[in-house]
Amino acid sequence: MNSRSVTAQGRGQARRAANSNAMEAAGRAGFVARGVIYVLVGLLALRIAFPGGDAKQADRGGAVAEIAEKPFGTVLLWVLGIAVAGMALWRLSEALFGGAGPDEHKPGKRAMAAGRAVFYAFVSYSVLSFAAGDSGSGGGSSDQQSQDITAKALGWPGGQWIVGIGGAVVAGAGLWIAVRALMRKYHKHLKLSQMSRRVRQAVDVTGVFGGAARGSVFAAAGAFAIAAAIEHEPDKSKGMDDTLRSFAETPVGPWLLVLIALGLVAFGVFSWFNARYRKV
C-alpha cells in the first residue's frame, strides 16, 4: 500500500468520524452546555440590575462559581466542561471537513469554525481547571483578564493600533451577530420541518431576542476596547461583567440591563433548541 492510499484511507476514516453519531452527540451536548452558561450569566445580570442585588460577577466565571456552590457542583462542572469540549471537537470537524449545509464548505466558513473551536476549547479548559481545583481559572474575572490583556498589548510597539483594531473586530462581530439574529439567518441551520408551529415561534422569539442581546454585549465590549486604545488606558477595557453593568448606567437606568439580561437567558434557551433541532 503506497503513501497516497494510506493518506486517503486516513482522511476517509477521519471524515467518517466527523460525521459519526458520536460527533453529533458531542455537538448537541455542547449546545446544552452553552445554554446553561448563558442562562446563568443572564440570571446573574438580573441580580445586579437593582441596588442591593447580588454582587457576583455576571460572566462565565460567575456562572462557574454559581454551579460550584450547588450540591454535586464539582461533578456538574466536570460534565459541563466535557460537554463544551464536545462543542470544540464538533467545530473542529466543521473546520476540517465543512459543516452541514451547501455553503458550509467555503474557506471563510471553515475558518470561522476553526476560531470557534479554539474558543470553546479554551472555555472547556477553564471550566475543567476550575473543577479540578484551580479557582483562578474558570472562575476568574473577565474584567481583570480583559484589562490585563489590554495593558500588555498597549505596551507593545503599535499597541494602540492593535487594541483599537481588536476592539473594532469585536464590535463588528457583535453587530454581525445581532443583525443575523434579527434577519433570522439561523433558520438555515435548523430542522424547521420537525418543529410544531408553537416551537418555531419560541425558537424565533429566543433566537431574535437572544441573538440581538448577545450581539449588543459584544458590540459594547468592543467599543470599550476602542476607548481604551484611544485614551491609552487599560482600565477603560471591560469584560462581560463590567460591560453588562455599564448598561445600568445609561439614562434609562437598570431597565436596559434587565432587557439585556433577559436576552441572554433567551439565548441560553435558544441554545437548547439548537441542541434538539440543529443540523449537525
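## Surface and ring contacts in a predicted model

F72 is exposed, with a relative accessible area of 68%. The model described here is predicted, and in it F72 is placed in the loop between α3 (60-68) and α4 (73-97). Together with V75, L76 and V79, F72 forms a nonpolar patch on the surface, and these residues have about 430 Å² of accessible area together. The backbone of F72 has a positive phi of about 60°, although F72 is not a glycine. A positive phi near 60° is also found at R184, again a residue other than glycine, and R184 belongs to the loop between α7 (159-182) and α8 (197-231). With a relative accessibility of 40%, R184 counts as partly exposed.

| Pair | Distance between ring centres | Angle between planes | Arrangement |
|---|---|---|---|
| Y186 and F270 | 5.0 Å | 70° | edge-to-face |
| F267 and F270 | 6.1 Å | 45° | tilted |

Because Y186 lies in the loop between α7 and α8 while F270 lies in helix α10 (residues 254-277), their pair ties together parts that are 84 residues apart in sequence. F267 and F270, by contrast, are three residues apart in helix α10, which means that about one helical turn separates them. Y186 and F270 are both buried; the relative accessible area is 6% for F270, and F267 is also buried, at 4%. Ring pairs link Y38, Y186, F267 and F270 into a cluster.

A ring also takes part in a contact with a charge: the charged end of K238 sits over the ring of F224, 5.0 Å from the centre of that ring.

Terms used
Residues are numbered from 1 along each chain as its sequence is written. This is a predicted model: local features need pLDDT of at least 70, side-chain atom pairs count only at pLDDT 80 or more; totals for chains, interfaces and linings use all residues. Side-chain values use heavy atoms; hydrogens and water are left out. Patches are made of residues with over 30% relative accessible area and no salt bridge: like charges are joined within 9 Å, nonpolar side chains (Val, Leu, Ile, Met, Phe, Trp, Tyr) within 5 Å. Accessible areas come from the Shrake-Rupley method with a 1.4 Å probe; for residues, only the protein chains shown count as cover. A salt bridge is a side-chain nitrogen of Lys or Arg within 4 Å of a carboxyl oxygen of Asp or Glu. Helices (H or I, at least four residues) and strands (E, at least two) are DSSP runs, numbered from the N terminus. Buried means under 20% relative accessible area, exposed over 50%, partly exposed in between (1.4 Å probe, protein chains only). Rings of Phe, Tyr and Trp (its six-membered ring) pair if their centres lie within 6.5 Å; planes under 30 degrees apart count as stacked, over 60 as edge-to-face and the rest as tilted. A charge sits over a ring if NZ of Lys or CZ of Arg is within 6 Å of the ring centre and within 35 degrees of the ring normal.
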